[in-house]
Amino acid sequence: MIALKPDFCDVSLPDANYSMEDYSSSKARWCSGCGAHTILHSVQKLCQEEQLPPEKTVFVSGIGCSSRFPHYMKTYGFHGLHGRAFPVASGVKFRRPDLHVFVVTGDGDCCSIGAGHWVHAIRYNMNMVVMLFDNSIYGLTKKQTSPTSPMGTVSNTHPAGSILPPINPIQATLGLPNVSFVAQTADWKPAHLHATLKKAYEHPGLSFVRIVQRCPIWMKDSYEPTVKDPDAITVLDHENGIHLEDKDLKKFRHVTNHDPSDILKAREMAEVVKETTPIGLFYQNKEASRYDEYGAHNLGISTEDRIAAVNSLMDRYAI
Amino acid sequence: MESNKIAPEGQQIRWKVEEPASSFEMDSFWKELRHFYRTGEKKVKDESPEVSSALVHLLEDAESPYPHSMRGEKELSISLDERTPYLILNHILNEKRKENQKKFKNRLSELITGLNNLLHVEDKSADTRELEATYDFADEMIAFDKLVAMIPHSSGEALPEERLKRLKGVLATLTSALAYFSDQVATIVAEKEFVNKAEDEAIFQHSMLITADKDPFLQTQQLFSKEIQSFSEIIKAYRIATLEVNGEYHDAVHNEYFEHFTWHRLLENELNLFHPIVLLIGHEFLFDHLTSFSRLLASNQPVNILVLNHELISVPGSISWEDASHQFRQEPAALTISHRNVYTLQAGMDDPSFLYKGLENCLKSVAPGVCHLSLSMDDSRTEAASYLIARGETAGRYFPKILYDPLLDKEWSERFDMSQNIQSDTKWPLYSMRASTSEETEAMIDVAFTYADYKAIFPEKAEELMLIPSQYYTEHLVPLADYLELDEERLYGKIPFIWLVDLQMNLYRAAVPNVWVVSCQERLDFWSFLQEIGGINKHHTRQALESREVDMQKMVADTKATIEAEYQQKISRIEEEAVGKAAEQLIAVLLDEEDIQVNSIPSTQEDGDAEPSASTEEKEEISTPVVEREEAPAIEEAWVESDDCTTCNECTDKFPNLFKYNDDKQAYIEDASKGTYAEIVKAAENCPAACIHPGLPLNQNEPNLDALIKRAEKFN
């Protein structure tokens, strides 16, 4: 028949698929056993499943272990200033609404130095996925107490154990105005993690996902009992929540029904973190106002019109 | 097999059976009947009612497939008339056009921009012009010529002349290719009448219509050679442009390659962008120009030929093929399949989605394609709905559905498909017909839908049959389908019949003349031919199965005999031993000598072996492997529950000899013997997801195994 075998010079047509390799850059330099590897893999898988064009995808981060993330993605990335991932990402989304924006931040970057930006980013509700890598410790600088470290955490800053109650990022986010998507998951439950990220990607607005993350080097004693204890996790299940396959759902011992449209109930659920960690979708509101839609209204104006606009502005100062 | 169907309610068929006639009347009627069978002549032309096939209602499915609408986004709604195949073809071509534009045009534009950028580097003065254009509002303040000198150039050197020439040539070809993907999508060669009609009715708006000349096959062949040449120039330019824009063009390799670039180098997806060439031709024309038709197919050029069969009963006013005693039907599908390289579709109008898919694949295929289509349309000659006529065509094996795709390689069974026919595994489709014999009682009659039943859908054909009043029924009347199966000896004196109804739904048996029977036989022959090459009723398979069954039975019988003989032997030996042992014990008791008793025990245990010393050695030899075999299943190899792996690199970094990632980037153990058991246990202890299960050690000689097994226990 006709020569159909591709040869050395054949060029693939534009409908070719993106593969996992199209999203992975250099080898990730996190410690072995770190939960961030899992999240990286899950995010790459999400990009591949959704066929996000790498040139139309941006990962923005601040400072910390987690914030090395953009280096390992073969997409656009912005490794920003400490605590300033949110304003950079908001700026990107505001003027380039065609891009897929992801924010990678950590418990120090978001809940400590960047807390002010956190509040306003939630309120702006621009369409992006925010992943809070919460390992409850400053790992990059070798063990200092973070705002989410549990009480009594022994660290270099608190050798006798920390004395302040930790911030609960879920509770804090749920308390902010115009909040539209709040979910929690754990890095050592890959199926749930992936389903949560997928749901967050599909959400129209800012989706805030707190990922409870292991630090095998500095917080080994604190996470190990949780990871190995089947009773330590409760899944929030609902038809509008995170969708898990039956076989994956069966792996959890505790499953509770929670309707993500009920914010009061969501706040209640976020409060109960004493015995078990709830994972799943706490709250979702697809109707919340989006500031990026406002920002995009004047895009596409021609250069002439812009120059004219600048000129008329300048003319006002003419003497 | 499809379930037997029952005539729908409301279509009550009445069947009146009268007392048999007197033997004299019977004799004279049957004499006339036999004469009719041989000659087809009816002596007495009585006032018989208008009749047609009683079986046509059994073909009805739940719904008529018309008006036919396509899946979701592709909007198409057509009803069944003589334009149906053209409308479907037109729709497929338009869909293809949209797809090509979507897929390829954007990419072309991108490449053109890319090429322009490359060429732009060459054109230095362009920088100044561009700057001026952007900032002309500030031209009094800025010296553009000086500013240009400050702009860093991505490439300082001028392009070599040869490359420049190539880039410009490619750019010109690609720019003109944009037009190729915007206007027409296909070239259609057809007779003048058809071309005029299509233009009037504005069907193939996006196609170029060409009037066929004397030898349209040769014309098509030449047309293809011309068009594919200009198309391969576009693809060549496209490939060069892609390589250039990506900076991957190497003179040493690619110059040579592109110099000898012909359409044979095109890939399947590239060929799919080519505007297909479709030839519309009548069935009768094809057989008049067989030589040039065959030559076109043998050239293996991917042209598409739609053969429209007008020689059918269902086409009003046509001279249809009916009579096999004078000429066998010429089958274009069988002809093209025998060319081996031709995509072949034969289909009627009864299943529009099959037709749509078949035509679509024909246009996609890089093999030459021939679609042989039958036309069924609303027909004033019969009461039956047109789609039922079309279904009758398939069911009566008059126009079977055939699909042959030479590029589905490897297995014949994949390439050839006739399973879309109604009850494709029987000779004729089988149904159950309900008829009321009186007010209360109903009869179920098993019937087969033959070619004669299809023909009898048309009352003008059914008129040729001879109705048999029920007082003349005897066992010599045989249903046509059964008649065709009878041996020659048993045919004597039998008359075949089929079922007809008049307009009041009264059921009749009607004798079928010999001419019809021969034609049915011819259709059945073609059908068996299709079934056999389609893998149904295969002689070799049947024979192989039979011989295999005989072999199996023999083997079972042999094994049974051997086992019986063995057991018989064993039983007799045990009996002998028992007697011997009892006798020895008796002697021992009588003599009260322990020695004899002690010695006697081993000899009895060893199944009467003569030499006790040799037997103990043997026993030891056997016993050692037995112990191992008992332990073997207990060794559980180490494994990873890969679904639960969190890809944290812990095990793969520390023990790369043991742990690898699968395609989902989740860990698994490639070969447990490549590391120590201690390593596996350590990895299991470190695994944050606790998904490594160390099992039991493979190597029993490792140190501290007991402690390790204990540590591993909680992970198993």
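Contact here means heavy atoms within 4.5 Å. Helices (H or I, at least four residues) and strands (E, at least two) are DSSP runs, numbered from the N terminus.

This is a predicted model, in which local features need pLDDT of at least 70 and side-chain atom pairs count only at pLDDT 80 or more, while totals for chains, interfaces and linings use all residues. Residues are numbered from 1 along each chain as its sequence is written, chains are lettered from A and ligands numbered from 1 in the order in which they are written, and side-chain values use heavy atoms, with hydrogens and water left out.

**Stop 1: the two chains**

Select chain A. Its 319 residues include 48% that count as buried (under 20% relative accessible area; exposed is over 50%, partly exposed in between, with a 1.4 Å probe and protein chains only). Chain A has 11 helices and 11 strands. Its accessible surface is about 15,300 Å², and carbon and sulfur atoms hold 55% of that (Shrake-Rupley method, 1.4 Å probe; for residues, only the protein chains shown count as cover). Of the contacts in chain A with a separation of 6 or more, 69% are between residues 24 or more positions apart.

Now select chain B. Here there are 25 helices and 21 strands, and buried residues make up 45% of 716. The accessible surface of chain B comes to about 39,000 Å², with 50% belonging to carbon and sulfur atoms. Among chain B contacts between residues at least 6 apart in sequence, 71% join residues at least 24 apart.

**Stop 2: helix α24 of chain B**

Select residues 677-686 of chain B, which form helix α24. Which residues of α24 are buried? They are B:Tyr677, B:Ile680, B:Val681, B:Ala683 and B:Ala684. These residues lie on the same side of α24(B), because they cover an arc of only 160° around the axis (the arc is that of the directions from the helix axis to the C-beta atoms).

**Stop 3**

The whole structure has 29 salt bridges over all chains (a side-chain nitrogen of Lys or Arg within 4 Å of a carboxyl oxygen of Asp or Glu). For one of them, select A:Arg214 and A:Asp187, whose closest N and O atoms are 2.5 Å apart. A:Arg214 is in the loop between β8 (206-212) and α7 (220-228) of chain A, and A:Asp187 is in the loop between β7 (181-186) and α6 (190-202), so the pair ties together parts 27 residues apart in sequence. Are these two residues buried or exposed? Both A:Arg214 and A:Asp187 are buried.

**Stop 4: between the chains**

Next, select B:Asp643 and A:Lys247, which form a salt bridge at 3.9 Å, N to O. B:Asp643 belongs to the loop between β18 (639-640) and α23 of chain B and A:Lys247 to helix α8 (residues 246-249) of chain A, so this pair joins two chains. B:Asp643 is partly exposed, at a relative accessible area of 47%.

**Stop 5: along helix α2 of chain B**

Go to helix α2 (residues 84-122) of chain B, where B:Arg107 and B:Glu110 are three residues apart, about one helical turn. An α-helix has 3.6 residues a turn, so residues three or four places apart point the same way. The side chains of B:Arg107 and B:Glu110 meet in a salt bridge of 3.5 Å, N to O. B:Arg107 counts as buried at 19% relative accessibility, whereas B:Glu110 is exposed, at 52%.

**Stop 6: B:Glu522**

Select B:Glu522 in helix α19 (residues 514-533) of chain B. At 5% relative accessibility, B:Glu522 is buried. A polar atom of its side chain lies 3.1 Å from the backbone nitrogen of B:Arg329. The side chain of B:Glu522 also makes a polar contact with that of B:Arg523, at 3.0 Å (a pair of N or O atoms within 3.5 Å; within protein, one must be able to donate a hydrogen and the other to accept it, and residues adjacent in sequence count only if both atoms are side-chain atoms). Beyond neighbours within four places in sequence, B:Glu522 is in contact with B:Trp321, B:Ala324, B:Phe328 and B:Arg329.

**Stop 7: B:Val51**

Finish at B:Val51 in strand β1 (residues 51-53) of chain B. B:Val51 counts as buried, at 8% relative accessibility. Not counting residues up to four places away in sequence, its contacts include B:Pro459, B:Ala462, B:Leu467 and B:Leu500. B:Val51 and B:Leu500 are 449 residues apart in sequence, yet 6.1 Å apart in space, C-alpha to C-alpha.
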